[in-house]
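User: I would like to learn how to read aromatic pairs and nonpolar cores. Can you take me through an example?

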Amino acid sequence: MSAPSRFTPRAGQAPLAVALDTPDGATALRWAEAVAPYAAVLKIGLELFYREGPAIVAALRAAGLLAEPAEGAAGGVGGPPELFLDLKLHDIPATVAGGMRSVATLQPRFVTVHAAGGPAMIRAAVAAAPAVEVAVVTVLTSLDAAALAAVGLAGPPQDAVRRLAVLAVEAGARTLVCSPQEVRMVRSELGDNMTLITPGVRPEGSEVADQARIATPREALEAGADLVVVGRPITRAADLGMAAKTVADSISAGQRPAGR
């Protein structure tokens with residue numbers, strides 16, 4: 001099977017992934033209904049998936065809030081967002097391969113694994129689910145140099161991201177997750193055929209919270225990101241739909257979001 005192509009949102013969509021970080025399925029459905037018109041991707045992480053499991057994916061698709069797999073692959077204009085399962089698999093290769101085969105039945109566009117699991121684990125993940133884009137997480141956006149040193153990773157975050165990104169690509173990955181502060185370096189190092197996803201994105205004026213290495217959506221895209229992930233600045237807004245539209249419009253117009 002050919003390698004995945006670099007991610008491009010469908011015409012009329014901003015390259016925005018909204019993180020549905022809630023443990024409650026009803027809340028996730030309500031949030032998704034509000035933001036789906038403005039997002040290219042909906043991201044389901046550990047908090048929601050551990051509580052609701054595959055049923056939340058089925059519910060979102062039944063409500064027309066997630067693209068059917070054929071729709072996502074076909075491109076075109078507009079339509080529901082694609083599915084991103086941010087599960088950060090990290091285990092021995094055989095276990096991760098089994099996990100990938102299981103979640104592949106949900107037909108996501110992206111599933112995350114940790115680069116720190118090593119090249120054999122990454123190769124196993126890629127081989128187990130060839131129709132899924134294995135998005136390899138380099139260094140969590142909450143970690144700074146002191147935190148990396150505490151877990152035995154020498155050097156500043158940029159060096160650790162470079163090493164892990166190269167390792168992941170050599171193991172067969174074509175999609176990487178890194179903070180906005182490393183996107184330009186990774187793009188320069190690894191070229192234009194990679195899909196780069198950036199969490200740690202904060203519209204100007206938003207709270208930093210537990211993120212250590214951040215940028216605005218526009219800054220991330222200008223540095224070379226293909227897809228920016230925004231969670232709490234949208235989902236904690238009084239009007240989720242308007243917050244998502246503001247971020248999406250600012251990305252499309254090449255302007256920074258207004259502070260809130």
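User: How many helices and strands does the protein have?

Analyst: This is a predicted model. The protein has 12 helices and 8 strands. Buried residues make up 51% of its 260 residues.

User: How is a pair of aromatic rings described?

Analyst: Now the case here. The count is 2 aromatic pairs. In one of them, the ring centres of Phe84 and Phe110 are 5.6 Å apart. Their planes stand at 65 degrees, and over 60 counts as edge-to-face, so this pair is edge-to-face.

User: Which parts does the pair of Phe84 and Phe110 tie together?

Analyst: Phe84 lies in strand E3, residues 82-89, and Phe110 in strand E4, residues 110-114. The pair therefore links parts 26 residues apart in sequence.

User: Are Phe84 and Phe110 buried or exposed?

Analyst: Both Phe84 and Phe110 are buried. Together with Phe7, they form one aromatic cluster.

User: What about nonpolar cores?

Analyst: The general idea comes first. In soluble globular proteins, nonpolar side chains tend to be buried together. Here, the largest nonpolar core has 72 residues. Leu85 and Met100 have the most contacts inside that core.

User: Which residues does Leu85 touch?

Analyst: Leaving out residues up to four places away in sequence, Leu85 touches several, including Ile44, Phe49, Val57, Val103 and Phe110. Another core, of 13 residues, lies apart from the largest one. Among its members are Phe7, Ala17, Val41 and Val229.

Notes:
Residues numbered from 1 in each chain as written. Predicted model: local features only at pLDDT ≥ 70, side-chain atom pairs only at ≥ 80, totals over all residues. Heavy atoms only, no water. Phe/Tyr/Trp six-rings, centres within 6.5 Å; stacked < 30°, edge-to-face > 60°. Helix = DSSP H or I, 4+ residues; strand = E, 2+ residues; numbered from the N terminus. Buried < 20%, exposed > 50% of the residue type's maximum accessible area, 1.4 Å probe, protein only. Core = buried A, V, L, I, M, F, W, Y, C linked by side-chain atoms within 4.5 Å. Contact = heavy atoms within 4.5 Å.
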